[in-house]
Amino acid sequence: MPLADAVAEHVRDGDQLALEGFTHLIPFAAAHEILRQGRRELALVRMTPDVVYDQLIGMGCARQLTFSYGGNPGVGSLHRFRDAVEHGWPVELEVVEHSHAGLAAAYAAGAAHLPFGVLRGYEGTDLMSENDSVAAVESPFTGERVSAVKAINPDVAIIHAQHADRRGNVMLWGLAGVQKEAVLAAERALVTVEEVVGELEPRPHAVVLPAWVLNAIAVVPGGTWPSYADGYSARDNAFYAAWDEISRDRDRFAEWMREHVLEVG
Amino acid sequence: MTPEEVMTVMAARELENGQVVLVGVGPPNAAANLARRLHAPDCVLVYESGAIGAKPQHLPLSIGDDDLAATADELVSVPEMFGYWIGAGRIDVGFLGAAQIDRRGNINTTVIGAYDRPKVRLPGAGGAPEIAAAAKEVIVMLRHSPRAFVERLDFVTSLGRGGDAFTVITDLAVLRPGDDGELGLTAVHAGVEPEQVLAATGWPLRVREPLEVTEPPTAPELEELRALRARR
């Protein structure tokens with residue numbers, strides 16, 4: 001199905017929305033389609049907001065962000081994210097903040113349809129006091145204190161993968177991040193893919209998501225740029241570095257978004 | 001020779017061949033890759049993106065660069081990485097960076113100022129709390145300044161610890177916890193006066209006797225580090 005139709009059908013104003021892909025396979029094209037369709041009041045979830053959520057936040061689409069690392073890896077700050085938290089620009093952004101381990105456990109619990117995940121960590125940190133979805137619990141078996149983290153079950157998950165077959169089964173490979181968990185935790189799941197193939201061929205480290213856990217597939221070659229798809233492209237590190245300057249200034253950012261996102265596609 | 005080069009070489013020297021090392025972005029990434037090219041070729045580099053045993057040819061910019069996945073012994077999902085590998089205590093040495101650190105070795109990578117309306121919103125926790133808690137040994141790398149070495153953190157992102165398995169390496173010095181868990185100055189880098197370190201620390205820093213002076217980076221160490229950065 002065309003990406004525009006998939007987004008129109010499955011992404012609604014106010015949704016809790018998870019676009020996953022840990023550095024690799026970030027679904028940028030889907031995010032841009034969401035922007036073009038003018039979705040608002042989104043509760044965004046992503047372990048690493050990355051440039052993709054910097055763009056959504058800077059355009060004022062988000063009311064809330066659940067995350068665990070909000071930097072531009074190896075480069076520095078996400079300036080639009082910072083501007084939203086530090087100055088409420090362009091709109092106020094509520095943050096729900098985890099560690100990577102905590103958010104990964106919350107997704108895994110969501111995928112299992114359990115009420116919470118369990119991990120060590122959080123104990124003694126200020127993360128615990130600032131986040132209502134984290135609590136200390138005691139093991140009923142040993143009495144050990146561990147942290148419970150409330151499951152995350154987004155309204156919609158969107159991921160990018162390399163292959164889909166004609167029956168709608170999807171396969172991704174390389175760094176697999178938390179995409180399987182995000183898809184299985186979500187109410188609805190949308191996948192953009194590089195290519196449709198006759199048969200999914202077994203590969204090392206492949207993750208296969210059967211058609212019956214997915215709601216829509218759109219073929220979008222290169223839909224992960226400036227992130228990358230193992231076997232198709234390399235991470236555009238030069239663009240990630242350039243984003244620092246593009247995003248630093250509100251007007252420069254708005255102009256870039258208009259030229260490269262809003263007036264495209 | 002830049003202060004960051006000195007810090008990176010000192011951190012690289014802390015690694016022993018064969019250790020399993022959790023590497024983050026920035027200076028720790030350079031330090032671990034430098035060690036692998038020098039005295040510790042069999043170090044297992046683990047990146048929290050899911051790459052175990054990565055052997056990058058150049059310094060990756062992000063922890064999820066394509067080169068890491070392509071050269072890894074194994075790739076795992078993020079929940080598996082934090083559950084089975086990091087959380088379970090399978091990391092020998094974990095590197096951390098910090099915007100602020102206090103005398104107990106607690107670190108802040110979350111905010112400068114008030115949490116609800118911070119002066120500076122930093123990236124946040126990432127993998128740091130679990131690495132700080134579960135790695136057998138922790139090395140914190142940061143530039144030495146009174147703004148970084150503070151009496152009181154604006155936010156406690158990860159906890160420090162006492163004992164031998166905690167080291168802070170800066171561009172000026174090396175700090176380790178004493179018997180009571182408080183960080184003390186154990187070594188200065190060549191050419192650095194202890195007074196400089198005290199002036200760059202926001203609490204009355206204890207100086208341990210005998211205070212050591214680290215060996216300056218050697219020519220081969222610097223050559224390899226510069227070659228590594230040039231290949232980027």
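Let me begin with a definition: a residue is called buried here if 20 or more other C-beta atoms lie within 10 Å of its own, with C-beta atoms placed from the backbone. Please keep in mind throughout that what we are looking at is a predicted model.

With that cut-off in hand, I would like to start in chain B, at helix H2, which spans residues 27–37 and is mostly covered, since 10 of its 11 residues are buried. The buried residues of H2(B) are Pro27(B), Pro28(B), Asn29(B), Ala30(B), Ala31(B), Ala32(B), Asn33(B), Leu34(B), Ala35(B) and Arg36(B). As for what covers these buried residues, the elements of chain B that take part include helix H1 (3–14) and helix H7 (219–230), together with strands S1 (20–23), S2 (44–47), S5 (93–97) and S10 (137–141).

Those strands bring me to the sheet of chain B, in which 10 strands form an open sheet with mixed pairing, in the order S4-S3-S2-S1-S5-S10-S11-S12-S13-S14. At the edges stand S4 (74–75) and S14 (206–214) of chain B, and each has a single partner strand, so one side of each is left without a neighbour in the sheet.

Let me walk along part of that order. Strand S11 (residues 166–169) of chain B pairs with strand S12 (residues 173–177) of chain B in the antiparallel sense, over 2 bridges, and the bridge partner of Ile169(B) in S12(B) is Val174(B). S12(B) in turn pairs with S13(B), again in the antiparallel sense, over 5 bridges, with Ala173(B) standing opposite Val188(B). The hairpin of S12(B) and S13(B) has 5 residues between the strands, and in that hairpin Gly181(B) takes a positive phi near 90 degrees.

Strand S13 (residues 183–189) of chain B is itself mostly covered, with 6 of its 7 residues buried. S13(B) and S14(B) run parallel and are joined by 5 bridges, and here Val188(B) has Val213(B) as its bridge partner in S14(B).

Turning to chain A, how many bridges join S2(A) to S3(A)? Strand S2 (residues 42–45) and strand S3 (residues 62–67) of chain A run parallel and are joined by 4 bridges, and Leu42(A) stands opposite Ala62(A) in S3(A).

S7(A) pairs with strand S9 (residues 145–150) of chain A in the antiparallel sense over 4 bridges, and Leu119(A) has Ser147(A) as its bridge partner in S9(A).

Helix H1 (residues 3–10) and helix H2 (residues 28–36) of chain A pack at an angle of about 65 degrees with their axes 10 Å apart, and the crossing is right-handed. From H1(A), Leu3(A), Ala4(A) and Val7(A) meet Ala29(A), Ala30(A), Glu33(A) and Ile34(A) in H2(A), a set that divides into 6 nonpolar, no polar and 1 charged.

Leaving aside its neighbours within four places in sequence, Ala6(A) is in contact with Met1(A), Leu190(A), Ala216(A) and Ala218(A).

Finally, the two chains meet in a contact that takes 45 residues from chain A and 36 residues from chain B. On the side of chain B, helices H3 (66–71), H4 (78–86) and H5 (128–134) each supply at least two residues, and H5(B) gives the most, with 4 residues. The residues on that side of chain B divide into 19 nonpolar, 12 polar and 5 charged.

Key. Residues are numbered from 1 along each chain as its sequence is written. Chains are lettered from A and ligands numbered from 1 in the order in which they are written. This is a predicted model: local features need pLDDT of at least 70, side-chain atom pairs count only at pLDDT 80 or more; totals for chains, interfaces and linings use all residues. Two strands pair if DSSP finds at least two bridges between them. Axes are lines fitted to C-alpha atoms, for helices over the stretch in contact, and angles run from 0 to 180 degrees between N-to-C directions. A crossing is left-handed if the near helix is turned anticlockwise from the far one by less than a right angle, and right-handed if clockwise. Two residues are in contact if their C-beta atoms, placed from the backbone, lie within 7 Å. Ala, Val, Leu, Ile, Met, Phe, Trp, Tyr, Cys and Pro count as nonpolar, Asp, Glu, Lys and Arg as charged, and the others, Gly among them, as polar. A residue is buried if 20 or more other C-beta atoms lie within 10 Å of its own, exposed if 12 or fewer, and partly exposed in between; C-beta atoms are placed from the backbone.
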